[in-house]
Amino acid sequence: MGVHAALRDAGGLWFGWSGETTSDSPGETKVFRTGKVTYGLVDLREADLEAYYGGFSNRTLWPLLHYRLDLATFDHQWYATYRRVNRLFAERLQPLLEDNDQIWIQDYHLIPMATELRRLGVQARIGFFLHIPWPPAELTVTLPWHRQLASDICAYDVVGFQTQVDVRHFRQYVVSELQGTMSDDGAVRALGRSFHAEAIPIGIDVDDFATMAGSRDATNQAKRVKDTLHGRGLIIGVDRLDYTKGIQERLRAFELLMQDYPSQRRAVTFMQISAPSREQVPEYADLRRSVEGLAGHINGTYSEADWVPLRYINRSYSRRALSGFFRMSDVCLVTSLRDGMNLVALEYVAAQLEDSPGALVVSRFAGCAGYLDGAIVVNPYDHAQVAEQLHSALIMGVEERRERWRRMIEGVRKNDIHAWRNRFLKRLTEGTPSTDEVVSPVPYAAS
């Protein structure tokens, strides 16, 4: 959304997968224009999408970069397809580029894009932003192709990470594995190339989300829920159904809240909204069964004839509806086991009313915890601590909630979507490509 807003303002090209698959070779690039934005969209073969996206992107890179080595699968065919699809994207993008274009590549699906564009002779400034974490070097090197992907990253001019922790881990890798250097100001020299890497945290459009939360539709959606609570408090959790979000840990902490703080029984309801995610990936199917079983156990243990403690909802809601739910909730609970940023936490803060804001309980392993000064920060693995802090949040006085919210909203505004976009693009526009020699990509096995 932040990138699209920049394109709407300044004009430019949005390029990527069309969302469509084919059983044959991809057809021509679909090019059309809406307002100031030109769109270039490419279909993918079904088999390529499965190996590139469902395979290497989401069963190799996603778990590894979220520190879940136990869930990572290393498949050479998946990797070869990942390279081939990125090469296809580059070959389709290159003819659409114009002189003086700046190119901004987004996220882990497209790490090799700069290498492939350089191979085609593109000399433009190219930036890359990683929306998810970068793990410690000891984990990174378990990837059989870590040197190849490191070479790809070195082909960019600017690399953005979410947090200083990610930058520190990247620095460790550059020094220990590439025998490169990285200074405190983010200047990197490795594999015969100089580029810049720093933390540029992504944010949200604060005013837009606050306005959305006050809209008639959001208010009506929230009222429907509020009417069913009969004066009880509401804890809300909103995530994709993903093992990185700590949903099982969250439910176990809520179970302890019910067990150890009897005063909260019948006094509060927990509404967990978990949108289905990557349902064809086996690990996600296992997660869904586990979460649903745990939710049933909690309700079976603590429900009464006129009260159900947990509302577990496995479907998607519009952002507008969620904004209304956030505004009416007393507490938002975020228990990420590892998260690049976690925009749900930021949206919850933006949705609050200054006179009666809710409290935010957030995992220390979510990137946003670093600048949400008024949040209650917890260790999601410590279920007893989370339960204790949930209780504290529920009984917190309005003056403390207001004071905490003012500090949080200051951080959210300082690091909003416009700041993220402007900081990155400012860095990308500085200077000229700083290649000391022609970059020769690290070889990889092609299929």
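## A tour of the sheet and its helices

Start with E2 and E3: these two strands pair in the antiparallel sense, over five bridges. Keep in mind as you click around that this is a predicted model.

For a closer look at that pairing, select Phe 32 and you'll find Tyr 39 of E3 standing opposite. Now follow the chain between the strands. E2 and E3 make a hairpin with two residues between them. Pick Gly 35 in the turn: its phi is positive, about 65°.

Next, bring in E1. Where does E3 sit in the strand order? Colour the three strands and you'll see an open sheet ordered E1-E3-E2, with mixed pairing.

E1 and strand E3 (residues 37–45) run parallel and are joined by eight bridges. Select Leu 13 and look across to Thr 38 in E3, which stands opposite.

Time for the helices. Show residues 2–10, and there's helix H1, packed on the sheet and touching E1 and E3. The direction of H1 makes about 130° with that of E1. Then show residues 46–65 for helix H2, which also packs on the sheet and touches E1 and E3. Compare the direction of H2 with that of E3, and the angle is about 100°.

Key:
Residues numbered from 1 in each chain as written. Predicted model: local features only at pLDDT ≥ 70, side-chain atom pairs only at ≥ 80, totals over all residues. Heavy atoms only, no water. Pairing = 2+ DSSP bridges. Helix = DSSP H or I, 4+ residues; strand = E, 2+ residues; numbered from the N terminus. Contact = heavy atoms within 4.5 Å. Axes fitted to C-alpha atoms, helices over the stretch in contact; angles between N-to-C directions.
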